[in-house]
Amino acid sequence: NTANGFVPGVPNWRLAPLSMLWEGRSKAQICEQMKDPARNGGRHTGEEIIDHMKVDPLVLWAWAPGADRTTPPLSHEKFVAALEAWVAAGMPCP
């Protein structure tokens with residue numbers, strides 16, 4: 001916690017850039033954003049997106065945030081499975 005001089009998260013923790021913001025966006029907007037290398041951290045393929053979501057410590061921290069935050073409504077395993085199904089289907093947007 002910041003009161004003890006620590007920042008939240010994992011080593012190299014930082015806020016995501018505003019270009020990665022999902023809040024207030026529709027499913028279609030988030031889908032298009034996830035496919036856009038200019039707004040997804042430079043990832044050009046579905047496999048790169050999956051790999052990022054599977055292993056990046058900053059992403060994984062969302063499922064182990066500590067006592068002051070809640071976890072996402074979907075388990076990490078189900079989230080990755082949904083990403084894999086989306087990529088296998090050609091990354092369609094609603």
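Modeller: The count comes to 2 salt bridges, a salt bridge being a side-chain nitrogen of Lys or Arg within 4 Å of a carboxyl oxygen of Asp or Glu. This is a predicted model, in which local features need pLDDT of at least 70 and side-chain atom pairs count only at pLDDT 80 or more, while totals for chains, interfaces and linings use all residues. Residues are numbered from 1 along each chain as its sequence is written, and side-chain values use heavy atoms, with hydrogens and water left out.

Colleague: What makes Arg-39 and Asp-36 a salt bridge?

Modeller: Their side chains meet at 2.8 Å, N to O, and that is within 4 Å, so the term applies.

Colleague: Why is Glu-84 said to form a salt bridge with Lys-54?

Modeller: The closest N and O atoms of Glu-84 and Lys-54 are 3.4 Å apart, so this pair also meets the 4 Å rule. The pair links distant parts of the chain, 30 residues apart: Glu-84 belongs to helix H4 (residues 76-88) and Lys-54 to helix H2 (residues 46-55). Helices (H or I, at least four residues) are DSSP runs, numbered from the N terminus.

Colleague: Why is Asn-40 called buried, whereas Lys-54 is called partly exposed?

Modeller: Buried means under 20% relative accessible area, exposed over 50%, and partly exposed in between (1.4 Å probe, protein chains only). Asn-40 has 8% relative accessibility and is therefore buried; Lys-54, at 39%, is therefore partly exposed. Asn-40 lies in the loop between helix H1 (27-35) and H2.

Key. Helix = DSSP H or I, 4+ residues; strand = E, 2+ residues; numbered from the N terminus.
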